[in-house]
Amino acid sequence: MENKFIVVEGLDGSGKSTQIKMLAEALEKKGEKVYITAEPQYYETGAYIRRILSESLDKNMYLQAALFLADRLEHITHPELGIKKKLDDGYTVICDRYYYSSFAYQGTASDINWVMDINLNCPEILTPDLCIFLDVNPDTCKQRIDTSRDGAELYEKSTELMRKIRNNFIDVFNRLQEKENIKIIEANKSLEEIHRAVLEAVEEV
Ligand code: TYD
């Protein structure tokens with residue numbers, strides 16, 4: 001069970017980071033080398049993206065999709081910290097968000113097929129061994145964001161937008177079902193129950 005590339009996806013407020021931490025600890029206990037990473041990254045493009053998100057800058061959605069793709073390519077190919085390098089070094093890589101987020105989020109106001117094309121048809125883009133989607137009710141996610149954070153970021157403004165993003169995720173997962181290993185986990189449950197389902201999905205790969 002070594003050396004896999006695992007992606008965890010979900011809406012903002014779906015509890016991805018907690019579950020990633022719990023998963024990494026469980027894998028490390030079993031003797032795995034685990035590398036946790038996330039998108040957007042912290043290179044120059046990532047810093048620009050984070051500014052767009054936190055300041056809710058009104059940027060064209062195709063431009064945003066292109067920026068996320070550029071950030072992803074840097075994330076994959078970086079000579080020291082890149083996903084490819086970490087996999088080559090024998091790590092199980094767990095990534096908080098990946099191209100599915102571009103489809104779901106940028107697909108809300110651009111041609112989702114184009115966003116899928118530029119990512120899926122780029123030879124440098126890796127296909128994950130497993131994508132886990134933590135499916136939490138958008139109302140619950142919005143409530144968590146409103147109570148736990150100072151200000152809502154660009155995509156956290158309304159429950160309606162979050163519903164649209166969830167629908168895009170589900171649509172994309174249906175479309176990719178044959179080609180990719182995608183596991184949708186019903187995650188309106190306790191942390192422990194979700195963790196067990198996540199671990200089960202990971203153990204399958
Ligand atoms: P998030 O996981 O919330 O990061 P953090 O916990 O550090 O704030 O991701 C930031 C936002 O970026 C989130 O609203 C989803 C959005 N996003 C996209 O719109 N497209 C993408 O391709 C990715 C990776 C993220």
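Visitor: Say a cavity is a set of points, on a 1 Å grid over the protein atoms alone, where a 1.4 Å probe fits but cannot get out. How many cavities of 30 Å³ or more does that give?

Guide: The count is 1 cavity of 30 Å³ or more. This is a predicted model, where local features need pLDDT of at least 70 and side-chain atom pairs count only at pLDDT 80 or more, while totals for chains, interfaces and linings use all residues. Residues are numbered from 1 along each chain as its sequence is written, and side-chain values use heavy atoms, leaving out hydrogens and water.

Visitor: What's the volume of the largest cavity?

Guide: About 30 Å³, taken as the space filled by probe spheres set on the points, which are joined across faces, edges and corners.

Visitor: And which residues line it?

Guide: Ile49, Ile52, Leu53, Gln64, Leu67 and Phe68 (lining means an atom within 4 Å of a point). By class the lining has 5 nonpolar residues, 1 polar and no charged, with Ala, Val, Leu, Ile, Met, Phe, Trp, Tyr, Cys and Pro as nonpolar, Asp, Glu, Lys and Arg as charged, and the others, Gly among them, as polar.

Visitor: OK, α3 again. At what angle does α3 pack on α6?

Guide: About 20°, with the axes 11 Å apart. That makes α3 roughly parallel to α6 (the label for angles under 35 degrees). Tyr62, Ala65, Leu69 and Arg72 of α3 meet Trp114, Val115, Ile118 and Asn119 of α6 (contact is heavy atoms within 4.5 Å). That contact divides into 6 nonpolar residues, 1 polar and 1 charged.

Visitor: How do the axes of α6 and α8 cross?

Guide: Helix α6 (residues 112-120) and helix α8 (residues 159-176) have axes that come within 13 Å and cross at roughly 55°. Ile112, Asn113, Met116 and Leu120 of α6 make the contact with Asn168, Val172, Arg175 and Leu176 of α8.

Visitor: Switching to pockets: how much space is in the largest one?

Guide: About 560 Å³. A pocket is an open set of points with protein on both sides within 12 Å along at least five of seven lines. Of its 28 lining residues, Asp12, Lys16, Glu39, Pro40 and Arg97 are closest to the centre.

Visitor: Which helix gives the largest share of that lining?

Guide: α5, with 4 residues. By class, the pocket lining has 9 nonpolar, 8 polar and 11 charged residues.

Key. Axes fitted to C-alpha atoms, helices over the stretch in contact; angles between N-to-C directions. Helix = DSSP H or I, 4+ residues; strand = E, 2+ residues; numbered from the N terminus. Parallel < 35°, antiparallel > 145°, perpendicular 65-115°, else oblique.
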